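User: I have a model open and want to learn how to read its packing. Can you take me through it feature by feature?

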Amino acid sequence: MLGMSWVVASQVSSRGEALLDKLLLAAGLACAAYLLLEILVYLSWLKAGVRPSPRQLIVGYNNYRFFNHVQTISLPLLGLLAARMLSRDRKLFWWGITALWWMLLFVGLGRGTLTGMAAGIAMTWLLLRQTAAPWCRTLLWSAAGGLAAYLVLYALIPVSLGMEPFGLFFSGAERSIGNPGSGRLQLWSRALEMTVATPWLGAGPAHFAHYGRDLSGGNAHPHNWVLQIGSEWGLPALLALIGAVALAMRRLWQLRTEIAPQDQDTLTAWLVTGWAILVDGLVSGLLVMPTSLLWIGFYVGCAWGWVVSRASPAENMAPRLSILKRCAGGAVTLLLIYGLLRSVWPDVLGFSTRQPVEQDNPVYRPRIWQDGLF
């Protein structure tokens, strides 16, 4: 993630606004293509006269919640793409795409994504005041448009054809009242136990799957990025990550007085996305699933490069390391990789392809992807 973000950031910082607009447009076109696919799926179920399950409505993901993780990052980026469009017609088109993206969020009713987006908009609006108001207000109007589209397409039309409403929107309130934590308290308790047991280096990346095999539901991660890093990587790594995030968000906050008025919408979108990721990640597997990780890396790279491009030339000048220091750094890196491979190779040889979860197995199995088994 960090390497990919750095590559994107280096390109955006050197090539400027033109490349950033192209990257956002590429992301927007990907969302538009998926929307077209979803419309075809919706029409096919409507024609069949059968009420589909959420898994059958949200295609391409083996769990529709993984799509919600993607929406946490992609929703504000779509809003940013729309705001940066110069043509009024294109601006309206992309705000329409953003509204339909909200519509799909209401289909699966991703509570973590809704909470993250609400927190991101509220925090940014509170911090930036009037400079953030226009973009946040428009994003909320697009959410209202998405809700209206959901009620018409996924509720009113199916009901008029004698079916129940599609999606989870109307059962969401009952589900939230009946089971507000969705079993997360048990997961969080186990992650805290792991953190206390191995506070320095953690149990190992992705190893919650092994230590949580006896928990109901078979969840292989804590559904909380703080507890995930703390239990699997250790407290020093967690403090380092929190420090990096805090410095990044602080730098974005400092830019509010340094940028031109036309850049305020872009800064607002970066802050909303950052807060949404941090809040949603406290109750979801946002930092576990590869697709949402890819979107997070994309967001970090774009925001990082944009911030660097706004700095003065003196701030962008970094001292170039000597060839000796670079060679020494490369040698140390290779030695670390060699030590890691040598330490895990005996365990790799002992892995079997499948074994019952209940079997007492001394080999610690990280999650790849089912039940902590390879």
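User: How many residues does the largest nonpolar core have, and which have the most contacts inside it?

Analyst: Start with the general idea. In soluble globular proteins, nonpolar side chains tend to be buried together. Now the case here, in a predicted model. The largest nonpolar core has 74 residues. W101, L104, Y154 and W270 have the most contacts inside it.

User: Which helix gives the most to this core?

Analyst: Helix α4 does, with 12 residues. A separate core lies apart from it, with seven residues, including A191, M194, F208 and L227.

User: What does L104 touch?

Analyst: Skip residues up to four places away in sequence. L104 then touches Y34, L35, E38, F67, Q71 and Y154.

User: What does Y64 touch beyond its sequence neighbours?

Analyst: Leaving out residues up to four places away, Y64 touches P54, R55, I58, G108 and L168. Take G108. Y64 and G108 are 44 residues apart in sequence, and their C-alpha atoms are 7.1 Å apart in space.

User: And T98, where does it lie?

Analyst: T98 lies in helix α5, residues 88–108. Its relative accessible area is 0%, so T98 is buried. Beyond four places in sequence, T98 touches L75, L78, G79, L139 and S142.

User: Next, helix pairs. How do α1 and α14 cross?

Analyst: The general idea first. Two packed helices are described by the angle between their axes and the distance between the axes. Here, α1 covers residues 2–15 and α14 covers residues 290–309. Their axes come within 7 Å and cross at roughly 35°. The crossing of α1 past α14 is right-handed.

User: Which residues meet there?

Analyst: From α1, the list is L2, M4, S5, W6, V8, A9, V12 and S13. From α14, they meet L294, G297, F298, V300, G301, C302, W304, G305, W306, V308 and S309. By class, the contact has 13 nonpolar, six polar and no charged residues.

User: Now the rings. How many aromatic pairs are there?

Analyst: A search of the whole structure finds 18 aromatic pairs. One of them is F93 with W94, an edge-to-face pair. The centres are 5.1 Å apart, with 80° between the planes. F93 is partly exposed, at 48% relative accessible area. W94 is buried, at 5%.

User: What about Y150 and F170?

Analyst: That pair is tilted, at 6.3 Å centre to centre and 35° between the planes. Y150 lies in helix α7 (residues 133–160) and F170 in the loop between α7 and α8, so the pair ties together parts 20 residues apart in sequence. Y150 is buried, with a relative accessible area of 0%.

User: Which residues form one aromatic cluster?

Analyst: Y42, W102, F106, Y150, Y154, F166, F169 and F170 do. Y154 also has a place among the residues with the most contacts inside the largest core.

User: Last, step back to the whole chain. How many helices and strands does the protein chain have?

Analyst: The protein chain has 16 helices and zero strands. Of its 374 residues, 43% count as buried. Look at contacts between residues at least 6 apart in sequence: 72% of them join residues at least 24 apart.

Notes:
Residues are numbered from 1 along each chain as its sequence is written. This is a predicted model: local features need pLDDT of at least 70, side-chain atom pairs count only at pLDDT 80 or more; totals for chains, interfaces and linings use all residues. Side-chain values use heavy atoms; hydrogens and water are left out. Contact means heavy atoms within 4.5 Å. Helices (H or I, at least four residues) and strands (E, at least two) are DSSP runs, numbered from the N terminus. Buried means under 20% relative accessible area, exposed over 50%, partly exposed in between (1.4 Å probe, protein chains only). A nonpolar core is a set of buried Ala, Val, Leu, Ile, Met, Phe, Trp, Tyr and Cys residues joined through side-chain atoms within 4.5 Å. Axes are lines fitted to C-alpha atoms, for helices over the stretch in contact, and angles run from 0 to 180 degrees between N-to-C directions. A crossing is left-handed if the near helix is turned anticlockwise from the far one by less than a right angle, and right-handed if clockwise. Ala, Val, Leu, Ile, Met, Phe, Trp, Tyr, Cys and Pro count as nonpolar, Asp, Glu, Lys and Arg as charged, and the others, Gly among them, as polar. Rings of Phe, Tyr and Trp (its six-membered ring) pair if their centres lie within 6.5 Å; planes under 30 degrees apart count as stacked, over 60 as edge-to-face and the rest as tilted.
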